[in-house]
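Thanks for making time this morning.

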Amino acid sequence: MTNTAVIENKALLNINEFCDYLGIRPTKARELLKEPRNGFALKIGAKWYVHKQRLDAWLLEQCDKY
């Protein structure tokens with residue numbers, strides 16, 4: 001199974017998977033994760049995760065704004 005297929009089947013993405021999924025660097029990823037009310041970020045302990053389904057919905061909303 002490729003990395004893309006693994007990401008497609010997961011509900012939560014870690015920061016590295018989030019970066020791969022969006023094609024962004026970790027610095028920008030952390031900036032997005034720390035933005036209040038983004039609706040997709042989840043902090044468990046000291047680690048950040050992304051709810052993939054909510055991220056996809058957020059991306060569609062961002063596209064509709066422009």
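Let me begin with a definition: buried means under 20% relative accessible area, exposed means over 50%, and partly exposed is what lies in between, with a 1.4 Å probe and protein chains only as cover. Leu12, at 31% relative accessibility, therefore counts as partly exposed. Before going further, please note that this is a predicted model, in which local features need pLDDT of at least 70 and side-chain atom pairs count only at pLDDT 80 or more, while totals for chains, interfaces and linings use all residues. Residues are numbered from 1 along each chain as its sequence is written, and side-chain values use heavy atoms, with hydrogens and water left out.

Helices (H or I, at least four residues) and strands (E, at least two) are DSSP runs, numbered from the N terminus. Leu12 belongs to strand β1, residues 12-14, and together with Leu42 and Ile44 it makes a nonpolar surface patch of about 230 Å². For such a patch, residues must have over 30% relative accessible area and no salt bridge, with like charges joined within 9 Å and nonpolar side chains (Val, Leu, Ile, Met, Phe, Trp, Tyr) within 5 Å; the areas come from the Shrake-Rupley method with a 1.4 Å probe, and for residues only the protein chains shown count as cover.

Now to the interior. In soluble globular proteins, nonpolar side chains tend to be buried together. A nonpolar core here is a set of buried Ala, Val, Leu, Ile, Met, Phe, Trp, Tyr and Cys residues joined through side-chain atoms within 4.5 Å, and the largest one has twelve residues, among them Ile7, Phe18, Phe40, Val50 and Trp58. Helices α2 (15-22), α3 (26-34) and α4 each supply at least two residues of this core. With contact taken as heavy atoms within 4.5 Å, and residues up to four places away in sequence not counted, Val50 touches Ala11, Leu12, Leu13, Phe18, Leu33, Phe40 and Leu55.

Which strands run antiparallel? They are β2 (residues 41-44) and β3 (residues 47-51), joined by four bridges, where two strands pair if DSSP finds at least two bridges between them. Ile44 has Lys47 in β3 as its bridge partner. The two strands form a hairpin with two residues between them, and Gly45 in the turn has a positive phi of about 65 degrees. Arg37, although not a glycine, also has a positive phi, of about 60 degrees; its place is in the loop between α3 and β2, and at 82% relative accessibility it counts as exposed.

Finally, the charged pairs. If a salt bridge is a side-chain nitrogen of Lys or Arg within 4 Å of a carboxyl oxygen of Asp or Glu, the count comes to three. Lys10 and Glu17 meet at 2.7 Å, N to O; Lys10 is partly exposed at 31%, whereas Glu17 is buried at 11%. Glu31 and Lys28 meet at 2.9 Å, and because they are three residues apart in helix α3, about one helical turn separates them. In the remaining pair, Lys52 and Asp56 have their closest N and O atoms 3.2 Å apart. Lys52, in helix α4 (residues 52-65), is buried at 8% relative accessibility, while Asp56 is partly exposed at 25%.
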